[in-house]
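Dear colleague,

I am handing over a structure that you have not worked with before. Please look through the sequence and the model below, and then read the findings that follow.

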Amino acid sequence: MADIPRHLRACLDMGKIAFLAILVSGGIVLQILACALYNNWWPMLSVIMYVLLPMPLLFFAGSDSTSLFNESDNSWINAAKFMTGASAVGSIAIPSILKHAGLIGWGALAFDLSSYVVFLVAILCYICVGDDSDNYYSYI
């Protein structure tokens, strides 16, 4: 990308941020639709897990994101990986348990799980965007 003009490069970078914002907004809309369409606000419990999901990584890993993708001897990093995994499983388990208990219907479950998938795609896109050598997204 060294031969692309600077103004075009800035436009492409803003497009990446806009795409991430659209994905996150779509996930939020799906989560609200899971509740509003069926007049049942129980699916909002999974929002707790969405909020708790990044907390172990923020508290224990800090800004050292390279240690998250390889094997580490640091017990705090390993604890952060475990708690993040448990929160991710909880994001799927809460709507499934609510459906099994009869508190939500199939439609609300589908909207809730599709919201989770959209958030997951947004996180994966953020990781791919953050892999650039230019390091534009270190402030996000």
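The notes below describe the overall fold and then turn to individual residues.

Please bear in mind throughout that this is a predicted model. The protein chain has a mean pLDDT of 82, and 84% of the residues reach a score of at least 70.

Overall architecture

The secondary structure consists of 5 helices and 0 strands, and the pattern along the sequence is accordingly α-α-α-α-α. Of the 140 residues in the protein chain, 26% are buried. When contacts between residues at least 6 apart in sequence are considered, 66% of them join residues at least 24 apart. The chain exposes about 9,000 Å², and 71% of this area is supplied by carbon and sulfur atoms.

A nonpolar surface patch

One feature of the surface is a nonpolar patch formed by Leu-58, Phe-59, Phe-60, Trp-76, Phe-82 and Met-83, which together have about 710 Å² of accessible area. Two elements each give two or more residues to this patch, namely helix H3 (55–61) and helix H4 (75–100). Met-83, one of the patch residues, is placed in helix H4. Met-83 counts as partly exposed because its relative accessibility is 32%, a value between the limits of 20% for buried and 50% for exposed.

Leu-53 is located in the loop between helix H2 (46–52) and H3. With a relative accessibility of 16%, Leu-53 falls under the 20% limit and therefore counts as buried. Which residues does Leu-53 touch, if those up to four places away in sequence are not counted? They are Thr-84, Ser-87 and Ala-88. Thr-84 is 31 residues away from Leu-53 along the chain, yet their C-alpha atoms are separated by 5.6 Å. For Ser-87 and Leu-53, the separation is 34 residues in sequence and 5.3 Å in space, C-alpha to C-alpha.

Ser-87 itself belongs to helix H4. Ser-87 is likewise buried, because its relative accessible area is 9%. Beyond residues up to four places away in sequence, Ser-87 touches Met-49 and Leu-52 as well as Leu-53.

Asp-112 is found in helix H5 (residues 106–130). Is Asp-112 buried or exposed, and how far away is the nearest side chain of opposite charge? Asp-112 is buried and has no salt bridge; the nearest side chain of opposite charge is that of Lys-99, 13 Å away. Apart from neighbours within four places in sequence, the contacts of Asp-112 are with Gln-31, Ala-34, Pro-43, Ser-46, Tyr-50 and Pro-95.

Yours sincerely

Note on methods. Residues numbered from 1 in each chain as written. Predicted model: local features only at pLDDT ≥ 70, side-chain atom pairs only at ≥ 80, totals over all residues. Heavy atoms only, no water. Patch = residues over 30% accessible without salt bridge, like charges linked within 9 Å, V, L, I, M, F, W, Y side chains within 5 Å. Areas by Shrake-Rupley, 256 points an atom, 1.4 Å probe, with all protein chains shown as cover. Salt bridge = Lys/Arg side-chain N within 4 Å of Asp/Glu carboxyl O. Helix = DSSP H or I, 4+ residues; strand = E, 2+ residues; numbered from the N terminus. Buried < 20%, exposed > 50% of the residue type's maximum accessible area, 1.4 Å probe, protein only. Contact = heavy atoms within 4.5 Å. pLDDT = per-residue confidence, 0-100. Lys, Arg positive; Asp, Glu negative; His and termini not counted.
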